[in-house]
Amino acid sequence: MFSAFFLPSFDWIQIEVSGLCNAKCLYCPHTVWQKDWLGANLSLATFKTLLPYLKKTKLVYLQGWGEPLLNPEFFEMVNLAKAHGVKVGFTTNGTLINEHIAEKIVFSQVDVLALSLAGIETNDRIRKGTSLNQVLKAIETINSAKARLKQQNPQIHIAYMLLRSNEYELERLPEFLAGYGIQEIIVSLLDFVPSKELEEECLAPQTEEDFNLLKKRAEKVAEKANSLGLKMIFNLPSPRSQGRVCSENPIKSLFINSLGMVSPCVFTGIPVKQKTNVYFGSIYQEPLKSIWNKQEYKKFRKTHLSRDKPPVCVTCPKARIELVF
């Protein structure tokens, strides 16, 4: 207990427990760079080395660029994290959630479960290998398990990807998802564009006028959602100058990918050969505390707090996020 006093504290640690995926979403690096993909399943033994840090962490999020439920040791990881008193969440494509898995999720006391969507009619084309009906069925199955086991958690969120090819469906979304027991819908744009072919899908506003138009549209949709008992949050990158700290919160959080590499965020730690990532160390080679306290990592965080952002962050939309709800 005394040694834990000297460990760093975090707002959250995001751990990619699986870099594998059973879907081929068109906009995902896993699909675009599949020939060079290195993602794997993180071992339980490796996960256990992170447990001392969890007592001083507000949230551990067990997801990265893959499908967490593909890791056969996923629920043991959840149980260990919960035993350390930390809030636990993860995002899933919903394809593996049946009654048995739903009961395990509820019984393990996961706090937040987010299911990914990218459209209504367009979802199944954009998120190949998944289906809208599967997601809705998964939500119903989770809710049934919660009622049966008399549990309030997990809170159910929707992680919604707003693209140019599905934006015409946006106004329909609140009414479509009302009544499913969803606590939040978090709408994001394509913050990371893995290929030039996908640049047209990114709706990030380039001018103040475009931003204000999209913001007004988002406000109307969020208001409609609120009237239906849904909380809807839009992560909109503003064309204005970058904020003090980006929405990924690299000052008080970090990302560990399925290769054990420590990075400031999920966008700088993609487990693929061809991308130059920002890695400050490997948990296979040294303790997380040592990595966090490295001079180069401290310099990165200090620079992030200044007007001059680290080079990798200069053009990232996450440094210009304005929340609309």
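Helices here are DSSP runs of H or I with at least four residues, numbered from the N terminus. With that in hand, let's work through some exercises on this predicted model.

**Exercise 1. Which residue just after α9 takes a positive phi, and what is the value?**

*Solution.* Start at the helix: α9 covers residues 208-227. Then step past its end, where G229 has a positive phi of about 80°. For a second case, go to α4, residues 74-83. That helix is followed by G85, with a positive phi near 80°.

**Exercise 2. Which residues of α9 are buried, and why do they lie on the same side of the helix?**

*Solution.* Begin with the length. α9 has 20 residues and reaches 28 Å from its first C-alpha to its last, close to the 28 Å expected at 1.5 Å a residue. Next, apply the cut-off for buried, which is under 20% relative accessible area. In α9, F211, L214, A218, V221, A222 and A225 are buried. They share one side of α9 because they cover an arc of only 100° around the axis.

**Exercise 3. What do the buried residues of α9 pack against?**

*Solution.* List the partners: α8 (173-177), β9 and β13. α9 touches β9 (231-237) and β13, and its direction makes about 170° with that of β9.

**Exercise 4. Which are the edge strands of the open sheet?**

*Solution.* Write down the order of the eleven strands: β12-β11-β10-β1-β3-β4-β5-β7-β8-β9-β13, with mixed pairing. The edge strands are β12 (281-282) and β13 (321-324), since each pairs on one side only. For β13, the partner is β9: four bridges join the two, and they run antiparallel. Within that pair, L236 stands opposite E322. Now look at the faces of β13: E322 and V324 are on the covered one, I321 and L323 on the uncovered one. Elsewhere in the sheet, two bridges join β10 (253-256) to β11 (261-263), also antiparallel. There, I256 has V262 as its bridge partner.

Definitions and conventions: Residues are numbered from 1 along each chain as its sequence is written. This is a predicted model: local features need pLDDT of at least 70, side-chain atom pairs count only at pLDDT 80 or more; totals for chains, interfaces and linings use all residues. Side-chain values use heavy atoms; hydrogens and water are left out. Buried means under 20% relative accessible area, exposed over 50%, partly exposed in between (1.4 Å probe, protein chains only). Two strands pair if DSSP finds at least two bridges between them. Contact means heavy atoms within 4.5 Å. Axes are lines fitted to C-alpha atoms, for helices over the stretch in contact, and angles run from 0 to 180 degrees between N-to-C directions. The expected span of a helix is 1.5 Å times one less than its number of residues. The arc is that of the directions from the helix axis to the C-beta atoms.
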